[in-house]
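Good morning. I have a few minutes on one structure, so please look at the screen and follow along.

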Amino acid sequence: MSQNYEQLSFIETSEESTSKEYLVEDFSADGFCDDSERKKLEKTYADVLEVTDRFNRQSVSYQLSKHDMLHSWLKYKEGFSAELVNLLLDEFGIKAGDTILDPFFGSGTTGLVCHMRDINSIGYDIMPVSTVAVQAKTAVMRYDTGELKRMAADIERLRVPKDYTRQTPAITITKDAYPMENARFLQYLSEWRDQAVYSDEAKNLLTLCIINSLEPCSYTIKSGQYLGWDSRSPKVASANIRRKETGKKPLARKMVREIIGDSKETILQELEHVISEIDVIQKQAGPEKKARVYYQQESALKKLPVMEENSIDGVITSPPYCNRYDYTRTYALELVYLGLNEETIKEMRQNQLSCTVESRPKTEQMEAYYQKIGAGERFREISSVIRDNAVLKEILTALNARKEHGDLNNNGVIRMVEGYFTELAFLYAELYRVCKKGAQVAFVNDNVRYGGEVIPVDFLSCLFAEQFGFHVKKVYCLQQKKGNSSQQMAKFGKVPLRKSITIWEK
């Protein structure tokens, strides 16, 4: 890394904004519900809220890393930037040989930044996309670029036989996602890769390049909670025929991109770009790093309870937000390509942190798991804290009142919010147990609003953290305020919502 991150001061406060502008006065639109506990919570943590211009929406998202060598190898919009990880490591005083945990590993940014600084890291994530990306990135110094260039040349010479009829697999929500020739080439290339004599590392890198090429070669685009579809796709054309037959207006014309990429050309461009970066990284590499990146494709809800106590020097992470975004839908092309089917994707949807309206309670499964590992009493203690949390009780009561009043556009929001904070609270409790004394924890998250009710995710998380033993040091807040949905603004007006990084210390 050419930039000396130790020279950056992470906690510079903006002169243009004060924390008071980011505090919520009324949590319930029109005073419809009791918000006294949320107001009390807002006052409790107002003094630790600090608006900073040292980071912005780009640094707490993928945007700043999308052009960075290595970090840009997986187009993972939900990740945060390498710069943010560096800033936090400096802020926490993490040194070579220490161990950092990221329970929502995503594209592996935390682990890779730590590795470059000779810091050990542990990460968990249930998405198989993460597994491919982490394996590809951590192998950067081991690749034989000559082998990779030969593989690229072989792919360039590939021609799909005219009588070849197989296509890359699809499920209901990805059916007809690709032009026919792209679907055929993706399957043909996959079969060729599996039979090729190249190393497993080279094949995995190719898989990553294919994954990155799926969307630009398709009629789809990641769009909030779902996949957006191009009106040129067979799926939309069929839907419009059915709509016409029933007297409905056709779906609006929409192009997700002007040109749908050719799969072979797009994959080769991706592969050649990655190879060029590997060349540069290997030539500029300093002494070999001894730090270990330990990663497992598993839920943190299962792994943290069996981790060793007092073993972690710090935590840097960003969980899925409580915003109804369903990664199993937005990343459906990638998941299906990696071999998941309808049932396994539905199972993954339930295993991920409760962040969609389809999420079902995990309490019974978690209790059974804690009993199995001999931690039944710990489960009961954590559950008691959650059950007695007055702020969460108020939020759930308010949401139920909004449901009865018809203010929720999906009643599954209530179950989602309860599950979200229940599961996060268990993680906070386990993080306190596994952290060493003096270890600091950083969580990036968004506040949300449903049915006119503001949910202070950052401060409620701080309250839980304190209840489990952490000291809340700081809540860093972005200058840019998060917007409300157009439907909520039309009905309930506008309320500024914070995007924050909460900092706790054991």
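Let me start with Gln-487, which is exposed because its relative accessible area is 55%, and the cut-off for exposed is over 50%. This is a predicted model, so please keep that in mind throughout. Gln-487 lies in helix α19, which covers residues 486-492.

Next, the aromatic rings. How many aromatic pairs does the count come to? The count is 14 aromatic pairs. A pair of aromatic rings is described by two things, the distance of the centres and the angle of the planes. Take Tyr-164 and Tyr-188 as one of these pairs: the ring centres are 5.1 Å apart and the planes are at 80°, so the pair is edge-to-face. The cut-off used here is over 60 degrees for edge-to-face. This pair links distant parts of the chain, with Tyr-164 in the loop between α5 (145-157) and α6 (180-195), and Tyr-188 in helix α6, 24 residues apart.

Is each of these two tyrosines buried or exposed, or partly exposed? Tyr-164 has 8% relative accessibility and therefore counts as buried, while Tyr-188 has a relative accessible area of 21% and is partly exposed. The cut-off for buried is under 20%.

There is also an aromatic cluster, and you can pick out its members on the screen: Tyr-428, Tyr-432, Phe-443, Phe-470 and Trp-504.

Lys-235 lies over the face of Trp-229, with 4.7 Å to the ring centre. Over the ring of Phe-459 sits the charged end of Arg-498, at 4.1 Å from the centre of that ring.

Two packed helices are described by the angle between their axes and the distance between the axes. Helix α1 (residues 36-45) packs with helix α18 (residues 457-467) at an angle of about 75°, and the axes are 10 Å apart. That angle makes α1 roughly perpendicular to α18. On the α1 side, Leu-41, Glu-42 and Tyr-45 meet a set of α18 residues, namely Phe-459, Leu-460, Cys-462, Leu-463 and Glu-466.

For the second pair, α5 packs with helix α7 (residues 200-214) at an angle of about 55°, with 10 Å between the axes. That makes α5 oblique to α7. As for handedness, α5 and α7 have a right-handed crossing. The α5 residues in the contact are Glu-147, Leu-148, Met-151 and Ile-155, and the α7 residues are Ala-202, Leu-205 and Leu-206.

Last, two backbone angles. Which value of phi does Asp-30 have? Phi of Asp-30 is positive, about 60°, although Asp-30 is not a glycine. Asp-30 lies in the segment before α1 and is exposed, with a relative accessible area of 74%.

Asp-176 is another residue other than glycine with a positive phi, near 65°. Asp-176 is found in the loop between α5 and α6, and Tyr-164 lies in the loop between α5 and α6 as well. At 31% relative accessibility, Asp-176 counts as partly exposed.

That is what I have for today.

Definitions and conventions:
Residues numbered from 1 in each chain as written. Predicted model: local features only at pLDDT ≥ 70, side-chain atom pairs only at ≥ 80, totals over all residues. Heavy atoms only, no water. Phe/Tyr/Trp six-rings, centres within 6.5 Å; stacked < 30°, edge-to-face > 60°. Helix = DSSP H or I, 4+ residues; strand = E, 2+ residues; numbered from the N terminus. Buried < 20%, exposed > 50% of the residue type's maximum accessible area, 1.4 Å probe, protein only. Lys NZ or Arg CZ within 6 Å of the ring centre and 35° of its normal. Axes fitted to C-alpha atoms, helices over the stretch in contact; angles between N-to-C directions. Parallel < 35°, antiparallel > 145°, perpendicular 65-115°, else oblique. Left-handed = near helix turned anticlockwise from the far one by under 90°. Contact = heavy atoms within 4.5 Å.
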